Every structure is written in structure tokens, then in C-alpha cells.
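Welcome! Take a moment to look over the chain, and then let us walk through it together, topic by topic.

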Amino acid sequence: MSKLRFEDLDFIDYNGKTLPDYFEYEDQDMDLVKFYNEDAAQVQSSSMAKIIDVFHGEKLAGYFAYLPASLNFSQIRIEDKAAPLTHPALKLGRLLVCKSMRGKDIGSHI
């Protein structure tokens with residue numbers, strides 16, 4: 001199975017559509033399929049998360065969602081002074097790759 005390069009993929013804002021008929025998945029992926037087909041448009045429009053479609057050529061190879069988060073550490077010591085430490089971060093929420101495209105490094109590129 002040949003690996004894809006990052007340059008082989010296009011990352012495009014989710015357009016509110018459902019998964020195309022050619023998109024293959026397994027029974028265990030049903031929660032991710034249902035999210036994309038039924039909930040993604042509302043989640044994106046509410047700004048709770050950003051959804052990105054991943055294309056290889058003209059075909060949807062997968063999607064992922066990310067949302068704002070933060071990394072919190074209880075305290076750090078700076079010159080004997082305790083200070084809270086919070087770093088802004090992005091959290092990967094959902095990720096689904098088409099069954100026929102798995103093993104080609106798409107998830108790694110995401």
C-alpha cells in the first residue's frame with residue numbers, strides 16, 4: 001500500500017454536505033459517520049468546532065474536527081513564586097478516514 005505525501009492532500013473547509021456514496025466505512029465507524037451526516041453542520045455553525053474535509057484528488061478521503069482547548073498545569077515555580085500555567089491549544093475532536101484510504105498516512109498528516 002503506497003503512502004501519500006502531505007502535498008497529495010487538499011484540506012478544505014467542510015461544506016455542509018453528507019458523506020458521498022463512494023465513502024467506505026466499517027460498522028465501528030458509525031458514530032463518526034452519523035456525526036458528519038447529521039451533526040457537523042450545526043457544530044460548525046455554532047463555532048463549537050471547525051471541521052475540515054480531506055481530499056485526495058476529487059474524492060473525499062476523510063475529515064477531522066478540531067476545537068479550542070487549553071493545557072493547564074497546576075503550578076510552576078519561578079524564583080520561588082508559584083504561578084498558574086495555562087497554554088492555549090487545539091484539540092482534535094473527531095477523525096474519520098475512508099476505509100479504502102486507510103494505511104496511506106492520511107491520519108498522520110492530519
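A salt bridge is a side-chain nitrogen of Lys or Arg within 4 Å of a carboxyl oxygen of Asp or Glu. With that in hand, you can follow the pairs described below. Please keep in mind that this is a predicted model. The chain has two helices and four strands, and from the N terminus on, these elements follow the order β-α-β-β-β-α.

**Salt bridges**

- A search of the whole structure turns up seven salt bridges.
- One of them joins Asp-8 to Arg-5, with the closest N and O atoms 3.1 Å apart.
- Asp-8 counts as partly exposed, because its relative accessibility is 24%.
- Asp-8 also belongs to a network of salt bridges that links Arg-5, Glu-7 and Asp-8.
- Another salt bridge holds Arg-102 and Asp-29, and here the closest N and O atoms are 2.6 Å apart.
- This pair links distant parts of the chain: Arg-102 sits in the loop between E4 and helix H2 (106-109), while Asp-29 sits in the loop between E1 and H1, 73 residues apart.
- Are these two partners buried or exposed? Arg-102 is partly exposed at 26% relative accessibility, whereas Asp-29 is buried, with a relative accessible area of 7%.
- Lys-34 forms a salt bridge with Glu-38, and their closest N and O atoms are 4.0 Å apart.
- Both Lys-34 and Glu-38 lie in helix H1, four residues apart, which is about one turn of the helix.
- An α-helix has 3.6 residues a turn, so residues three or four places apart point the same way.
- Lys-34 is partly exposed at 45% relative accessibility, while Glu-38 is exposed, with a relative accessible area of 53%.

**Helix H1**

- Which residues of H1 are buried? They are Val-33, Phe-35, Tyr-36, Ala-40, Val-43 and Gln-44.
- Gln-44 counts as buried because its relative accessibility is 18%, and buried means under 20%.
- Beyond its neighbours within four places in sequence, Gln-44 is in contact with Tyr-14, Ala-49, Lys-50 and Ile-51.
- Just after H1, Ser-47 takes a positive phi of about 65°.

**Strands E1 and E2**

- Strand E1 (residues 9-13) and E2 run antiparallel, joined by five bridges.
- Within this pairing, Asp-10 stands opposite Phe-55 in E2.
- Why is strand E2 (residues 50-56) described as largely enclosed by the rest of the structure? Five of its seven residues are buried, so the rest of the structure largely encloses it.

**The nonpolar core**

- In soluble globular proteins, nonpolar side chains tend to be buried together.
- Here, the largest nonpolar core has 25 residues, and Leu-19, Ile-51, Met-101 and Ile-106 touch the most other members.
- Helix H1 (30-45), E2, strand E3 (59-78) and strand E4 (81-97) are the elements that give two or more residues to this core.
- What does Ile-106 touch, leaving aside its neighbours within four places in sequence? Ile-106 is in contact with Leu-4, Leu-9, Val-54, Ala-61, Val-97 and Met-101.

- Glu-24 is found in the loop between E1 and H1.
- Glu-24 counts as partly exposed, because its relative accessibility is 38%.
- Leaving aside neighbours within four places in sequence, Glu-24 is in contact with Cys-98, Lys-99 and Ser-100.
- Glu-24 and Ala-61 are 37 residues apart along the chain, and their C-alpha atoms are separated by 9.4 Å.

**The chain as a whole**

- How many of the residues count as buried? Of the 110 residues of the chain, the share is 27%.
- Among contacts between residues at least 6 apart in sequence, 60% join residues at least 24 apart.

Key
Residues are numbered from 1 along each chain as its sequence is written. This is a predicted model: local features need pLDDT of at least 70, side-chain atom pairs count only at pLDDT 80 or more; totals for chains, interfaces and linings use all residues. Side-chain values use heavy atoms; hydrogens and water are left out. Buried means under 20% relative accessible area, exposed over 50%, partly exposed in between (1.4 Å probe, protein chains only). Two strands pair if DSSP finds at least two bridges between them. A nonpolar core is a set of buried Ala, Val, Leu, Ile, Met, Phe, Trp, Tyr and Cys residues joined through side-chain atoms within 4.5 Å. Contact means heavy atoms within 4.5 Å.
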